Amino acid sequence: MRKSIGTALFLALVLGGAQAQRVTVEFWHSMGGVLGEVTEALVKEFNASQNRVQVKAQYVGSYDDGINKLLAALRAGRGYPHVIQVYDIGARIMADSGAVVPLEDLARKEGFDLERFLPQPRNYYTVEGKLFGLPFNSSNPILYFNMAAFQEAGIPFQPTWSLKDLEEAARKLTKKDAQGRTVRYGLSIPIDSWFVEQISYNSGYTFCNNENGRKARATAVTFDNPAAVAFLDMYARLVREGVAANTGRNWADSQSLFAQGQAAIAAYSTASLTGVLRQIGGRFPLRTAYYPFLKGRNGVAIGGAALYVLKGFPEAETQGAWAFVRFLLEPKTQAKWHLATGYFPVVKGVAELPEVRQAHVRQPNYTTAIQQLLTSKVNAESAGCLMGAFPEIRQYVQAAWEEILKGKPAGEALKEAKAKADAALERYNRSVAAR
């Protein structure tokens, strides 16, 4: 394997010229399946590219599992890693923990130009004016279309969709048998708070107060906004009519339905693209489009997760952790990650690399998330909500979605969920203030 000259030179500079014992860096991640395979491959490539740092990767389960395991280790004062992958909604928690070496401090110290980051990923993980985490696997939500079904129904492709457009298309794409049973749903979206968050942002609404927690610490949620209400009422209406599928909270069930041709439109992360393409095989042509909005398109927030470097280790180990993070920011590494997973690059210039341009010509669906990001407005709404207790609050939103599917009006269900979420946020803020 060809060694990365950039990585080797960087390590020589930060770790010094002496042939010291190889530094071991523990890395916890939550990438399973195809994504896990690619993550492990990048770790192996980094280890083979130099002889100063050995990264040991450990899969720690879901995003919820990972942050809970970390918080338990921090409380115990031992057993935590040098680098951990934490999902987007953990950004406030990680900054408040006091256990993180801000990536901005490491980057500035080592002369890494932060302007190399795309503005949206950088904005999301910036807390109180400082970048804390490296936006590693950044995604956004996109629509997936079965174009054979679209052609059959006489519906032309378009890149942008309002909720009204989506509802009308879903009705036309639905097929039922002689007994009135649905054999192909028009729409399938998993029950996940992320889709409610994103319809809010893309319609120009926040998900929490104080400008999505960007102007000041969030003290209340705003997920009972008109876009969220319209989205959930629409989905429940379509489920009752047999136009939309109710596959529950499991994304895999919805993706299987779509890949088998039993749903014509679906909404997933751009990170689902590689897996969905594998599942579809040659069953039907696939096209992807931007996530919908209520009335006018503002822009989506990034999803996915970031890498954080933790405090409390010898300087050589911290520098080794930064060297690993720095390797993941190299354009060639970003290109491999993007093309193997569907996550978009977080540094500038990757889309212009020959291998990326050629891959995009062969599979144009990989450009959708990038173009959606580049054409999104950069503001407090598209920055995404920054608040504590977010993992708990997501559970209240998902429970409300389930109640709406049982017949409760979305406005009423979200109002009840808001009361629980605001109480959780107040408890979290009190706990932080007491530290």
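Contact, as the word is used here, means heavy atoms within 4.5 Å. Setting aside neighbours within four places in sequence, Ala266 is in contact with Ile142, Leu143, Tyr144, Ser188 and Phe258. Ala266 lies in strand 12, which covers residues 263-269. The relative accessible area of Ala266 is 0%, and the residue is therefore buried, since that term applies under 20%. Thr288 stands 22 residues from Ala266 in sequence, and the C-alpha atoms of the two are 9.5 Å apart in space.

Before further detail is read, the confidence of the prediction deserves attention. The mean pLDDT of the chain is 92, and 95% of the residues reach 70 or more. Over residues 1-5, however, pLDDT stays under 50. For this stretch the model has six contacts beyond four places in sequence. Where pLDDT is low, the predicted coordinates should not be read in detail.

The interior may be considered next. In soluble globular proteins, nonpolar side chains tend to be buried together. In this model the largest nonpolar core has 146 residues. Leu187, Phe231, Tyr308 and Met387 are those with the most contacts inside this core. Helix 11, formed by residues 226-240, gives the most to the core, with ten residues.

Helix 9 spans residues 193-202 and helix 19 spans residues 390-405; they pack at an angle of about 90°, with their axes 8 Å apart. Because angles of 65 to 115 degrees count as roughly perpendicular, helix 9 and helix 19 are described as roughly perpendicular to each other. From helix 9, Ser193, Trp194, Val196 and Glu197 take part in the meeting, and from helix 19, Phe390, Arg394, Val397, Gln398 and Trp401. By class, this contact of helix 9 with helix 19 has five nonpolar, two polar and two charged residues.

Gln398 has its place in helix 19. With a relative accessible area of 7%, Gln398 is buried, because it falls under the 20% limit for that term. Apart from neighbours within four places in sequence, Gln398 is in contact with Ile191, Asp192, Ser193 and Arg249.

Key:
Residues are numbered from 1 along each chain as its sequence is written. This is a predicted model: local features need pLDDT of at least 70, side-chain atom pairs count only at pLDDT 80 or more; totals for chains, interfaces and linings use all residues. Side-chain values use heavy atoms; hydrogens and water are left out. Axes are lines fitted to C-alpha atoms, for helices over the stretch in contact, and angles run from 0 to 180 degrees between N-to-C directions. Helices (H or I, at least four residues) and strands (E, at least two) are DSSP runs, numbered from the N terminus. Angles under 35 degrees count as roughly parallel, over 145 as roughly antiparallel, 65 to 115 as roughly perpendicular and the rest as oblique. Ala, Val, Leu, Ile, Met, Phe, Trp, Tyr, Cys and Pro count as nonpolar, Asp, Glu, Lys and Arg as charged, and the others, Gly among them, as polar. pLDDT is the predictor's confidence in each residue, from 0 to 100. Buried means under 20% relative accessible area, exposed over 50%, partly exposed in between (1.4 Å probe, protein chains only). A nonpolar core is a set of buried Ala, Val, Leu, Ile, Met, Phe, Trp, Tyr and Cys residues joined through side-chain atoms within 4.5 Å.
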